Amino acid sequence: MPAIGSCVTVPCNFTLEKQYEEYLKPECLPIWRKGDKDGPELPDLTEESTGGMSVAFRGNLTAYDCTTTFYNVDNGSYYFRLECPNKLKWNFKDEPLTIQFKGDLPAPLLTHPKEQVVEGTLVELGCSAPSPCHPHPTIVTWTPTLGLSTQLQRDNEVTSTLTFTASHRYHGNNVSCTAIYFKQSQGKNVTISRSYQLSISFSPRNTSVSGSPCHPAREGGCLNLTCTSHANPPVSEFTWYRIYGEHILQMGNGSALSIQLFNTNNWFFCEVWNGIGTEKSNVYKIDIQSKWIQN
């Protein structure tokens, strides 16, 4: 329920004793009173009031539908009266409508996948918020706009769905859904947001090798190699290779490796794996006859 001074549409229906049903005509008038069955009658307006409390009837009496929008509404009890140009005049005194407001407008409810999302699959995020005022429905927006969003108004709630393809670029980013409420008593919009941090599994990317040779870099000296990669989940296996002429020789495992330099064939690369996929790094080269370089 929104804050005091807002607009709220209340679904409503009623029943009549059988002997009165024939008197229910389109000419019948719906009346709402505040406090008790003899309380003040609320003005019936078809357009939004900028003053005190008022109502706009939206139902169909001949279908036993008394749905009504209340403007600038306050806490309290409200009584419905049916007044027809015949013998049907009835106060529904035993079934009052009680409106009780919360202090603040609610934050939207954001739903997200329960299972881990893998890159390349479709992701759906849902966001719902109360939309009690039909003339001024709540609007839900997404930030950033990663894909296609749709919005559905149903009863007194609005639901928006954001659909996009999972990408490693989105991993760790926050996605926010914002509910935009119209606050009638203030004549302006009130925005409230809720965020979700995306977690997307993806195979290794940007895998590279860096090296730190012993000084000076000479044959028989040592070289410390480090392999790094961006992946989710993190890389669990590192494999090192040395290019020896037309052959590729496996050297060892682990994110760091210390090896001995030869006079030639000082070309190295690593391959990583994280349970989703693999990737090879760049080739790291070192010239021991002059200043070491990395390509």
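A disulfide is a pair of cysteine sulfur atoms within 2.5 Å. The legends below describe close-up views of a predicted model.

**View 1. The disulfide between Cys227 and Cys270.** The two sulfur atoms of Cys227 and Cys270 are 2.1 Å apart. Because the torsion about their S-S bond is about 60 degrees, this disulfide is right-handed. It connects distant parts of the chain, with Cys227 in strand β17 and Cys270 in strand β21 (residues 267-273), 43 residues apart. Cys227 is buried at a relative accessible area of 3%, and Cys270 is buried at 0%. The structure holds four disulfides; two others are shown in the next views.

**View 2. The disulfide between Cys12 and Cys66.** The S to S distance of this pair is 1.8 Å. The torsion about the S-S bond of Cys12 and Cys66 is about -70 degrees, so the disulfide is left-handed. Cys12 belongs to the loop between β1 and β2 (29-34), and Cys66 to the loop between β3 (54-57) and β4 (68-71); the pair therefore ties together parts that are 54 residues apart in sequence. Both Cys12 and Cys66 are buried.

**View 3. Strand β10 with Cys127 and Ser128.** The sulfur atoms of Cys127 and Cys177 lie 2.2 Å apart and form a disulfide. Its S-S torsion of about 65 degrees makes it right-handed. Cys127 sits in strand β10 and Cys177 in strand β14 (residues 174-183), 50 residues apart. Cys127 is buried at 0% relative accessibility, and Cys177 is likewise buried at 0%. Ser128 also lies in β10 (residues 122-130). With a relative accessible area of 14%, Ser128 is buried, because the cut-off is under 20%. Beyond its neighbours within four places in sequence, Ser128 contacts Pro108, Leu109, Glu157, Val158 and Thr159.

**View 4. An open sheet of four strands.** The strands follow the order β9-β16-β17-β20, with mixed pairing. Strands β16 (residues 200-213) and β17 (residues 222-232) are antiparallel and share eight bridges. Gly211 faces Leu225 of β17.

**View 5. The largest nonpolar core.** This core has 24 residues, and those with the most contacts inside it are Phe14, Trp32, Phe70, Tyr78 and Leu82. Strands β1 (8-10), β5 (76-83) and β7 (97-99) each supply at least two of its residues; β5 gives the most, with three. Not counting residues up to four places away in sequence, Leu82 touches several residues, including Phe14, Leu24, Leu61, Trp90 and Phe92. Another core, of 22 residues, lies apart from this one and includes Leu162, Ala179, Tyr181 and Leu198.

Notes:
Residues numbered from 1 in each chain as written. Predicted model: local features only at pLDDT ≥ 70, side-chain atom pairs only at ≥ 80, totals over all residues. Heavy atoms only, no water. Core = buried A, V, L, I, M, F, W, Y, C linked by side-chain atoms within 4.5 Å. Buried < 20%, exposed > 50% of the residue type's maximum accessible area, 1.4 Å probe, protein only. Contact = heavy atoms within 4.5 Å. Pairing = 2+ DSSP bridges.
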